[in-house]
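Here is a colleague's note for someone opening this entry for the first time. Please keep the sequence and the coordinates in view while reading the points below.

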Amino acid sequence: MSVECIQPWLAHRPRRGATVVDTLVLHASGNDDLQQTVEQLKEKGLSYHYIIDPMGLPHKCVPYSAVAFHAGNSYGPHEATRGTSRQQDAHHNFVEMTSVNEYSIGICLVSPDTGTVTYTQEQIDACVWLIKELKTSVPALKYITTHYLVSPGRVSDPTHLDIVRLAKKAGLEIWMP
Ligand SMILES: [Zn+2]
């Protein structure tokens, strides 16, 4: 399997010096079109490290050595370990303004994710393949989670992804609050 590169890279910034990248966050695009997904990200200054299209081709958008802007206000394994407050405001933002972006890799599956139109087998296979590739280059990778698990109440993607099955196939531990 191969990976396409989107150039120039989408929005990103350097990771802070000692950050250990150990978490993978899965997203769904909410539409069925790669180009539309990329255009919307560019407009909003947002990004994922990888976008996997419905044909099962991964597109690299940001190097994993950099932070991509995919999860926004969010609470993951590092916040839990630090004992950061889980308090959320009326808009479901964590009041301590935490984000998992610093120590995570974001993968988006292009999919309307409606329940009737979900994911292609090619996409799921490509996602498992990509995660296994990433585990060799990012050996600290340990957790797999979803946008809705790290930003509960604020987002719902990827609603219909079978995270349990995917985690098992990819050999990662599911993180949930
Ligand atoms: Zn998302």
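Predicted model: local features only at pLDDT ≥ 70, side-chain atom pairs only at ≥ 80, totals over all residues.

**Notes on the fold**

1. Residues are numbered from 1 along each chain as its sequence is written. Along the principal axes, the C-alpha atoms fill a box of roughly 40 × 35 × 35 Å.

2. The protein chain has five helices and nine strands, where helices (H or I, at least four residues) and strands (E, at least two) are DSSP runs numbered from the N terminus. Their order from the N terminus is β-β-β-α-β-β-β-α-β-α-β-α-α-β. Of contacts between residues at least 6 apart in sequence, 76% join residues at least 24 apart, a contact being two C-beta atoms, placed from the backbone, within 7 Å.

3. Seven strands form an open sheet of mixed pairing, in the order E1-E5-E4-E7-E3-E8-E9; two strands pair if DSSP finds at least two bridges between them. The edge strands, each pairing on one side only, are E1 (4-5) and E9 (173-174). E3 (residues 23-28) and E7 pair in the parallel sense over six bridges, with Thr-23 partnered by Ser-104 and His-27 by Cys-108. E4 and E7 are also parallel, over three bridges, and Ile-52 stands opposite Leu-109 in E7.

4. Which residues cover the two faces of E7? Ser-104, Gly-106 and Cys-108 on one side and Ile-105, Ile-107 and Leu-109 on the other are all buried, meaning that 20 or more other C-beta atoms lie within 10 Å of a residue's own, against 12 or fewer for exposed and values in between for partly exposed. Because six of the six residues of E7 are buried, the strand is largely enclosed by the rest of the structure. Over the protein chain, 40% of the 177 residues count as buried.

5. In helix H1 (residues 34-44), the buried residues are Leu-34, Thr-37 and Leu-41. They cover an arc of only 65° around the axis, which puts them on the same side of H1, the arc being that of the directions from the helix axis to the C-beta atoms. These buried residues pack against E4 (50-52), E5 (58-60) and E7, whereas the face turned away from them carries the exposed residues Gln-35, Glu-39 and Glu-43. Just after H1, Gly-45 takes a positive phi of about 70°.

6. The largest nonpolar core has 43 residues, and those with the most contacts inside it are Leu-24, Ile-51, Ile-52, Ile-107 and Cys-127; such a core is a set of buried Ala, Val, Leu, Ile, Met, Phe, Trp, Tyr and Cys residues joined through C-beta atoms within 7 Å. Helix H3 (residues 121-137) gives the largest share of this core, five residues. Beyond its neighbours within four places in sequence, Ile-51 is in contact with Leu-34, Thr-37, His-59, Cys-61, Cys-108 and Val-110.

7. Ala-90 lies in the loop between H2 (77-82) and E7 (104-109), and counts as exposed because it has 5 C-beta neighbours inside 10 Å.
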